[in-house]
Amino acid sequence: MVKIMLDPGHDINTPGKRAPDGSMREFEFNKATALHVADILKQYNGVEAFLSHDLNDGIDTSLDARAALANRLQVNCLVSIHANAGAASARGIETYIYLNTPTSTDNLARMIHDHTITITGMNNRGVKRADFAILRESNMDALLIECGFMTNNEDLALLKSDEYRRRCAQGIVNGLVQFYGLTKKAAPAQTPTPVTALAGPPKPSVVYEAHLENIGWQGPRRNGETAGTTGQSLRLEALTVRLENTDAQLEMEGHVENKGWTTVRTNGEIFGTIGEGLRLEAIRIDSDQLTVLYRVHVQNIGWTDWKKNGEVAGTTGQALRIEAVEIKLG
């Protein structure tokens, strides 16, 4: 049995561990990502995950106590999960191991780091060595992964996204799977049920989520549902869109107040801004294989006509906010 200790860094009430604008506490990211890792590991044989402290008591358990629990349980490795802070220009993922560690620790850290970089596409800041207490006091292979900078607006937008948290978790799991040679559990046998006709493959669908003024991420919407608000004078600040049940890809851009068009984003990436008080004014969405239809609700105008594949929905140069969006496949 491979035993993994997951250490969500800090706690919800740890002073100072939050985004500069107060829109996210670091523990929110650390906790969600650790729980995603634990959930994914349930799919594998011969592995058991532990948490280094109570995630609901609001107490910042000391680093010595966390390491002591890992030592007492004799886990095979400890993975401490964090979000970083630094200069506003700093972006990306970096992983730390202790100053003097065996080759096994270095190998594990590099596997987890490389897989997480691959699945997130983030800036690679490398594997480094540091005299961190959680690493120094642990008697097993131990690493600390910083999954992005709360002090950078683009990284912060990702750190708030459940999609990004799941990607970080999957990267960590992929590294553990490679290092320990884990195998997936067999799917449980199911009794076949009679059918009158063969079911075809699931149809492609589109899933999207809007970040709104004073509300934050609103929750996923699908296939033509309204994301955002109408009649409440709230700006839509950011958007993330992804496809399901298809290999087709998306390319998306948003026109942001005072900034212009963003760089091109792809499936599940965020375009727009978070925590800057800037409105999204127009969007473009394109696909290499599918017809994507979309329309936006614009301040003082209402719903625009439906646009498709690369056409502009919204306005530019008129200082009008997008308030809501609907997206579907043609």
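**View 1. Val298 and Ile322 at the pairing of β17 with β21.** In this predicted model, Val298 stands opposite Ile322, a residue of β21. Strand β17 (residues 292–298) and β21 run antiparallel and are joined by seven bridges.

**View 2. Strand β21 and its pairing with β10.** Strand β21 covers residues 322–329 and is mostly covered, with six of its eight residues buried. Strand β10 (residues 227–228) is joined to β21 by two bridges, and these two strands run antiparallel. Ala227 has Val325 of β21 as its bridge partner.

**View 3. The open sheet of six strands.** Read across the sheet, the strand order is β2-β1-β3-β6-β4-β5, and the pairing is mixed. The edges are formed by β2 (47–51) and β5 (124–129); each has a single partner strand, so one side of each is left without a neighbour in the sheet. On average, neighbouring strands of this sheet are turned by 20° against each other, direction ignored. Strands of a sheet pair through backbone hydrogen bonds, in either a parallel or an antiparallel sense.

**View 4. The pairing of β1 with β3.** Strand β1 spans residues 2–8 and strand β3 spans residues 77–84; the two pair in the parallel sense over five bridges. At one of the paired positions, Leu6 has Val79 in β3 as its bridge partner.

How values were computed
Residues are numbered from 1 along each chain as its sequence is written. This is a predicted model: local features need pLDDT of at least 70, side-chain atom pairs count only at pLDDT 80 or more; totals for chains, interfaces and linings use all residues. Side-chain values use heavy atoms; hydrogens and water are left out. Two strands pair if DSSP finds at least two bridges between them. Helices (H or I, at least four residues) and strands (E, at least two) are DSSP runs, numbered from the N terminus. Axes are lines fitted to C-alpha atoms, for helices over the stretch in contact, and angles run from 0 to 180 degrees between N-to-C directions. Buried means under 20% relative accessible area, exposed over 50%, partly exposed in between (1.4 Å probe, protein chains only).
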